[in-house]
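Please keep the sequence and the structure in view while reading.

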Amino acid sequence: MTMITLALSKGRIFDETMPLLAAAGIEVLEDPETSRKLILPTNQPSVRVVMVRATDVPTYVQYGGADLGVTGKDTLIEHGGQGLFRPLDLNIAKCRVSVAVRSDFDYAHAVTQGSRLKVATKYTLIARDFFASKGVHVDLIKLYGSMELAPLTGMADAIVDLVSTGNTLKANHLVEVERIMDISSHLVVNQAALKLKQAPLRHIIDAFASAIRQD
Ligand code: PRT
Ligand code: MG
């Protein structure tokens with residue numbers, strides 16, 4: 001029996017991948033929110049799900065810890081995508097990467113004046129590329145979470161972060177001043193596994209493709 005291992009992260013990616021798995025006839029038998037198991041069985045003895053940090057999904061698939069996985073385009077860009085085949089945009093876990101500042105900070109003025117901006121973010125590659133393309137000089141401060149706090153404490157002028165409803169920015173008196181890119185989650189597949197386990201992986205990829213919701 002050829003075992004297929006799928007890497008997912010808890011929360012929205014797990015939840016929004018379930019309908020796609022169902023289309024492939026796969027049902028996960030335990031709830032990651034309540035189970036302490038990191039390897040979850042499915043109704044198919046040859047398919048299992050490993051639960052990893054969202055940022056670790058591309059790494060697990062790259063090094064063969066999983067044959068395939070579901071990961072945000074944001075995470076994929078920062079990872080670099082080495083060793084990964086990326087057959088499908090799943091159109092789930094949608095959001096955008098944006099620049100936000102304190103509502104009392106004049107971003108447009110700072111940019112036209114050619115000021116150096118202090119930018120806090122988890123997305124240093126995306127931020128570096130974006131500001132370079134605008135010709136804005138930035139000092140990037142790498143953070144791993146709670147980006148919203150950086151402008152509030154005076155540590156940064158701006159943040160580059162994911163926005164979906166905008167409620168988190170609003171609650172912290174921040175305003176979105178630029179949209180950098182739209183984000184959705186993608187299916188990623190280990191390139192070697194795709195050759196060695198071609199038939200079962202094709203079956204999953206095709207089923208996912210047929211179940212993608214367009215909007
Ligand atoms: O914490 P860890 O490093 O393990 O992972 P993570 O925080 O990246 O995981 P998770 O599950 O939160 O996000 C996984 C993926 O979901 C991301 O890589 C995105 O591709 C996607 N996604 C979609 C989002 C959001 N929407 C989102 N709104 N990821 C995070 N958020 C956060 C955002 O960072 C901000 O803090 O939600 C907050 C904003 O939401 P609104 O609705 O208030 O604007
Ligand atoms: Mg999160």
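Which helices and strands each supply at least two residues of the shell around ligand 1?

## The shell around ligand 1

In this predicted model, the elements that each contribute at least two residues to the shell around ligand 1 are the helices α1 (12-23), α3 (73-79) and α7 (167-171), together with the strand β9 (158-163). Of these elements, it is β9 that gives the most, with three residues.

There are 22 residues around ligand 1, and those that come nearest are A54, G72, C95, T165 and T168. By residue class, the shell around ligand 1 is made up of 11 polar, seven nonpolar and four charged residues.

## The domains and the ligand

The domain assignment of the protein chain gives domain 1, which consists of two segments (4-93 + 184-211), and domain 2 (95-183). The shell around ligand 1 draws on both, with at least three residues coming from domain 1 and at least three from domain 2.

## Where the domains meet

Taken over C-alpha atoms, the centres of domain 1 and domain 2 are separated by 30 Å. Contact between the domains involves six residues of domain 1 and six residues of domain 2. On the side of domain 1 that touches domain 2, α3 gives the most, with four residues, and the residues of this side divide into three charged, two polar and one nonpolar.

Methods:
Residues numbered from 1 in each chain as written. Chains lettered and ligands numbered in written order. Predicted model: local features only at pLDDT ≥ 70, side-chain atom pairs only at ≥ 80, totals over all residues. Near = placed C-beta within 6 Å. Nonpolar A, V, L, I, M, F, W, Y, C, P; charged D, E, K, R; others polar. Domains from an automatic or database assignment. Contact = placed C-beta atoms within 7 Å.
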